[in-house]
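I opened the model to look up its pockets and what lines them. My notes follow the structure.

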Amino acid sequence: MAILIGVFGSAIGSFLNVVIYRLPLKISVVSPPSACGSCGSRIRPWDNVPVLSWLLLRGRCRDCRTRISFRYPIVELGTAVFFGVVAAWLLTGQSASDPATASSLIATGLTLFALLYLAAVSVALGMIDLETHTLPNRIVLPAYPIAAVLLGAASLLTGEPGRLFGAVAGGLILFGLYLLMALAYPAGMGMGDVKLAGLLGLYLGWFGWGQFAVGAFSAFLLGGLFALALLATRRANRKSGIPFGPWMLAGAWLGIFYGEQIATGYLSLFGLV
């Protein structure tokens, strides 16, 4: 199942390449059809197979032989691996802990869709923020109702309505914290980060408070380590703007995957669990 979902992820990655390129330019992601940026030739269907077509074409346009960015197969392959890992993590955990009732299977499917949607959003936002230092509302804002419906339905089907409270509380808390930081230091935190924080808080709060704490803290830890590395290698200075969105997303996924274990291990050091 994870392999099949990974293959599906490669196709999603192909579409995400379009989103990453066109959305910052405010161009429709559905029309016109994909074409070479140099000669304008439309991409043939057999030249649009994720990863494989790029390899067969040796990274060049079939018509004008202009180089095709290495980013395209990397996004496709990365999304495929991302989807496969998410599916393997969720399905392995669910099969080991929950009875295979109809409601639990549907709930697992809804949770999987919610996580795969966040994975796709993460790839698109991470790449766009790295290239343009923006987190487009057209990606972030629609994710709120989609995540709320999928995770909310999964909570009700498994008889865990308390998770809804955790999701709402997590979203509000993380949104509020980032908003305070943005108001206190506008040069260091943008409103795009604030809106993304609310979405990530919703997911983290739904999974649990251990996941929430680790996911929220990890964003600053990872971002800080990256900034220190840039300063140490003189690739940036104290006034350089560093996109924070990718580290928010990486921290959130660390919290989702390992937050419970990390939080439990940390608390055990003080004899609290």
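**Pocket linings**

I am working from a predicted model, in which local features need pLDDT of at least 70 and side-chain atom pairs count only at pLDDT 80 or more, while totals for chains, interfaces and linings use all residues. Residues are numbered from 1 along each chain as its sequence is written, and side-chain values use heavy atoms, with hydrogens and water left out.

I noted a volume of about 840 Å³ for the largest pocket (a pocket is an open set of points on a 1 Å grid over the protein atoms alone, where a 1.4 Å probe fits, with protein on both sides within 12 Å along at least five of seven lines; lining residues have an atom within 4 Å of a point; a volume is the space filled by probe spheres set on the points, which are joined across faces, edges and corners). Its lining has 38 residues, and Ser34, Ala35, Ile43, Ile68 and Tyr72 are the closest to the centre. Helix 1 (2–22), helix 2 (52–56) and helix 3 (71–97) are the elements that give two or more residues to this lining (helices are DSSP runs of H or I, at least four residues, numbered from the N terminus).

I then turned to the second largest pocket, which holds about 710 Å³ of space. Of its 28 lining residues, Ala187, Gly188, Gly241, Ile242 and Phe244 lie nearest its centre. Helix 8 gives the most to this lining, with six residues.
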